Amino acid sequence: MAVMTYREAVRQALREELQNDERVYLIGEDIAEFGGSLKVTLGLLDEFGPKRIRNTPISEMGLLGAAVGSAATGARPIAEVMYSDFFGMAMDQVFNQAAKMRYMFGGKLSIPLTIRAPMGGRRSAAAHHSQCLEAWFMHIPGLKIAMPANAYDAKGLLKTAVRDPNPVIVFENKMLYNVKGEVPEEPFFVPFGVAKLVREGSDVTVVAVSDMVDYSLKAAEALEADGISLEVIDPRTIAPLDIETIIQSVKKTGKLVVAHEANLTGGIGAEIAAQVGYRAFDYLQAPIERVAAKDSPIPFAPILEKEILPDDQDVIDAVHRVMDYAG
Amino acid sequence: MEKQVSQEVGLQLYELMVRIRKFEEAVVNLFARGKIPGFLHTYIGEEAVAAGVCANLTLEDKITSTHRGHGHMVAKGGRFDKAMAELYGKATGYNKGKGGSMHIAEPDLGMLGANAIVAAGLPIATGAALTAQYLGKDWVGVAFFGDGASNEGAFHESLNLASVWNLPVVYVCENNEFAESTPRWQHQKIKDVAIRAQAYDIPGVIVDGNDVEAVYFCAKEAVERARSGGGPTLLEAKTTRWRGHHEADNQSYRDKAEFQAALENDAIVKWESVLLSRGVPQEKLDEINNRVEQELKAAIEFAEQSPLPDPADARADIYTPFELEAI
């Protein structure tokens, strides 16, 4: 095992996939000499040249649309949306075109397109550079969505995304880019739709995505001192969603907390809660808790942003509520 | 003397136009009789554009179309039977009844879809051109769209990207002077969409869209330019829409004199007389008309007799199957 940052793990996945298949190229804003706004693609231009590391105008619909058309005709582009907040400028090409072309055409083509989109707040980047928009895309049939929470998954999920013949959005967490983790030396893939049991426990199931996984682990450590055992599950992909693993865990613990950084209303926690409520109703000992950002645009001032976004303390509080309810 | 097409090409253009006109007339009739569900936007009056452009294209060339897409489908080599079955919503249609009139597509013919989102085809055709350039393929991308679409961001972002990267693509604006019901003077101050090419430093060409021979030669130049590495062209064909935006539109907003003039400026009638004046025997034209009518009759019969899709298949073809183990 090598130890590397999440950023380096993403870069390695890109490098390996570029080496593996000539049809693969990168397309995005400031990704070449500049190495991307968040420096993920730094150095790849020197290795692969401007034909394969393609700087575009600031033109999200133009570049994502071109990537869709290119994927539809035999290439395998990996597009970068500099900040996932910028998806708005390009939405039609993602949710009406990429997601639906295969279906509308009766299965006559595939869109092997990967879109990397850095997400998340905690950087005082305010309302246009901080959002977690995964729920928008989870709502659209035809898309797959990965949300790596560590370096290992960042590499393995991205490599799978590139091989997958469907449009895949990989939401990379900006706050995790500098976090180190163990990553195998040899090539590997992380399958979609297979949740990871991050921590085994017996009292409460916590389903967490992206950086809420680490916050949940922190919460688990703190709660252990109080004699409360958390089982932490990271779905890793929310489309497809490994609901079975979640259901099995809830059947064991009887209590569920879902944690995501995106705001509460209409978040992926609502969907997970609904599915668990329907399928494991008889096993639930307490109402399902959702840990999420408060419904608000993300504010600029650090003290305000901290007020809005969830962290380990919110997980701890939610766990106490379900424990108290269950008695 | 003006450039003239060979008799062979002249008859090809004639047949393409007749095929589109007769198909659309039949479809209008069938729609009125309740045989075709949904919306219906017909291409009648604009035939010379699709015919003149597509006569320059190979099977490998990729086109994107609009909500008014039957004409492009037919001009790109679409079969009546499968097209009609698709409009009927039958299992034997080009897209198994999943797409219908507004999404009819056949990638094997290089037809990347009618598209019910105005201007959405431009980025996709741009992407098809990007694949050609990137993978060294010989094909060109061609995007058909209307004057209304030329006000969308997708238009501008596509032309800009294609210009910067010198992509092999032709943007064909079918300027029928109406954005749905809104007349040109209300939706853009310019009279000619082609002048927008200047902003992207690419050729902008205006052609009489009711003169199929002129369209043919202008498109030929643009397609050859694209294919030989000369980059994109914006080709604007001045055309007229005979029927409403869709079949529920009685065009009460149209000036009667303008509309009458449009009807009298029939590209097919005009081309017929040109061919006759150049010594093509009337029988040859009659033969084409008869052949097309026979094919159409058989196609309607095929659509009528074809089975409906199985409701069990309603969710088929959303995703392309993918097994990680198969890597």
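This is a predicted model: local features need pLDDT of at least 70, side-chain atom pairs count only at pLDDT 80 or more; totals for chains, interfaces and linings use all residues.
**Exercise 1. Which residue just after H4(B) takes a positive phi?**

Step 1. Residues are numbered from 1 along each chain as its sequence is written, while chains are lettered from A and ligands numbered from 1 in the order in which they are written.

Step 2. Find the helix. Helices (H or I, at least four residues) and strands (E, at least two) are DSSP runs, numbered from the N terminus. Helix H4 of chain B covers residues 80-88.

Step 3. Step past its end. B:Gly89 has a positive phi of about 75°.

**Exercise 2. Work out why H4(B) is called largely enclosed.**

Step 1. Set the cut-offs. A residue is buried if 20 or more other C-beta atoms lie within 10 Å of its own, exposed if 12 or fewer, and partly exposed in between; C-beta atoms are placed from the backbone.

Step 2. Apply them. In H4(B), 9 of the 9 residues are buried, so the rest of the structure largely encloses this helix. Among them are B:Asp81, B:Lys82 and B:Glu86.

Step 3. Look for the cover. It includes helix H1 (7-32), helix H3 (70-75) and helix H11 (282-305) of chain B.

**Exercise 3. Trace the strand order of the open sheet in chain A.**

Step 1. Define pairing. Two strands pair if DSSP finds at least two bridges between them.

Step 2. Read across. The 7 strands run S3-S2-S4-S5-S7-S6-S12, with mixed pairing. Strand S3 (53-55) and strand S12 (237-239) are the edges, each pairing on one side only.

Step 3. Check the sense of single pairs. S5(A) (residues 114-119) and S7(A) run parallel, joined by 6 bridges. S6(A) and S7(A) are also parallel, with 3 bridges. S6(A) and S12(A) pair in the antiparallel sense over 2 bridges. There, A:Ala146 stands opposite A:Thr237.

**Exercise 4. Describe the setting of S7(A).**

Step 1. Count burial. In S7(A) (residues 168-173), 6 of the 6 residues are buried.

Step 2. Sort the directions. In a regular strand, side chains alternate between the two faces of the sheet. A:Val168, A:Val170 and A:Glu172 point one way from S7(A); A:Ile169, A:Phe171 and A:Asn173 point the other.

Step 3. A:Ile169 bridges to A:Ile115. A:Val168 stands opposite A:Lys144.

Conventions: Two residues are in contact if their C-beta atoms, placed from the backbone, lie within 7 Å.
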